[in-house]
Amino acid sequence: MNAKNSFSMKIDSRSKNESFLRTVVATFASVLDPTVEEISDIKTAVSEAVTNCIVHAYPDTIGKIYINCEITDNTLTVKIRDKGVGIENIAKAMEPLYTTAGEERAGLGFAVMQNFMDYVRVRSVVGRGTTVTMKKNIQVRYGSQKQR
């Protein structure tokens, strides 16, 4: 079975929209019948990716965050994209504790995403923006096969 469902949206890079986006993605993923832990993982990873857009992509302005989600079989794919400043050195940015935002940030965003999702890819072009693609495979439990 190759069940497929998707949605896309665009929203302002405002702090108050972070919790909205993580809830939207978690609600969308709920058709896969995830565990509470799986939903928590998804929400945490989405929060980190969106916060990166708000803090790093648009440090001095409000820009747009583009989010695309897709469900294929038992896999949720989330793409979070911005058209902000971009990342000069992705490998360095993904190192735990590295941050360009000063002491008020821990520099753990990408590490958290990698820990909670099954797949994380970051693509970026300086001056053009960044795309974070994350995937979460939801385990099928006995008796949870639903018509999707």
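I count a salt bridge when a side-chain nitrogen of Lys or Arg is within 4 Å of a carboxyl oxygen of Asp or Glu. The model is predicted, so I take local features only at pLDDT of at least 70 and side-chain atom pairs only at pLDDT 80 or more, while totals for chains, interfaces and linings use all residues. Residues are numbered from 1 along each chain as its sequence is written, and side-chain values use heavy atoms, with hydrogens and water left out.

**Salt bridges**

I looked up the salt bridges and got five by this rule. I started with arginine 22 and glutamate 18, whose side chains meet at 2.8 Å, N to O. Both residues lie in helix α1, four residues apart, about one turn of the helix. I name helices (H or I, at least four residues) and strands (E, at least two) from DSSP runs, numbered from the N terminus.

Next I checked exposure. I call a residue buried under 20% relative accessible area, exposed over 50%, and partly exposed in between (1.4 Å probe, protein chains only). Glutamate 18 has 14%, so it is buried. Arginine 22 has 27%, so it is partly exposed. Elsewhere, salt bridges with shared partners join Asp12, Arg14 and Lys64 into one network.

Aspartate 12 is partly exposed at 24% relative accessibility. Arginine 14 is partly exposed at 35%.

I then followed lysine 4 to glutamate 70, a salt bridge of 3.7 Å, N to O. This pair links distant parts of the chain: lysine 4 is in strand β1 and glutamate 70 in strand β2 (residues 64–72), 66 residues apart. Lysine 4 is exposed at 58% relative accessibility. Glutamate 70 is partly exposed at 28%.

**Aromatic rings**

I pair rings of Phe, Tyr and Trp (its six-membered ring) if their centres lie within 6.5 Å; planes under 30 degrees apart are stacked, over 60 edge-to-face, and the rest tilted. I found one aromatic pair. The ring centres of phenylalanine 7 and phenylalanine 28 are 4.9 Å apart and the planes stand at 70°, so I logged the pair as edge-to-face. Phenylalanine 7 is in strand β1 (residues 4–12) and phenylalanine 28 in helix α1 (residues 16–29), 21 residues apart. Both phenylalanines are buried.

**Charges over rings**

I count a charge over a ring if NZ of Lys or CZ of Arg is within 6 Å of the ring centre and within 35 degrees of the ring normal. Arginine 81 has its charged end over the ring of tyrosine 66, 4.3 Å from the centre. Lysine 135 lies over the face of tyrosine 119, 5.5 Å from the ring centre.
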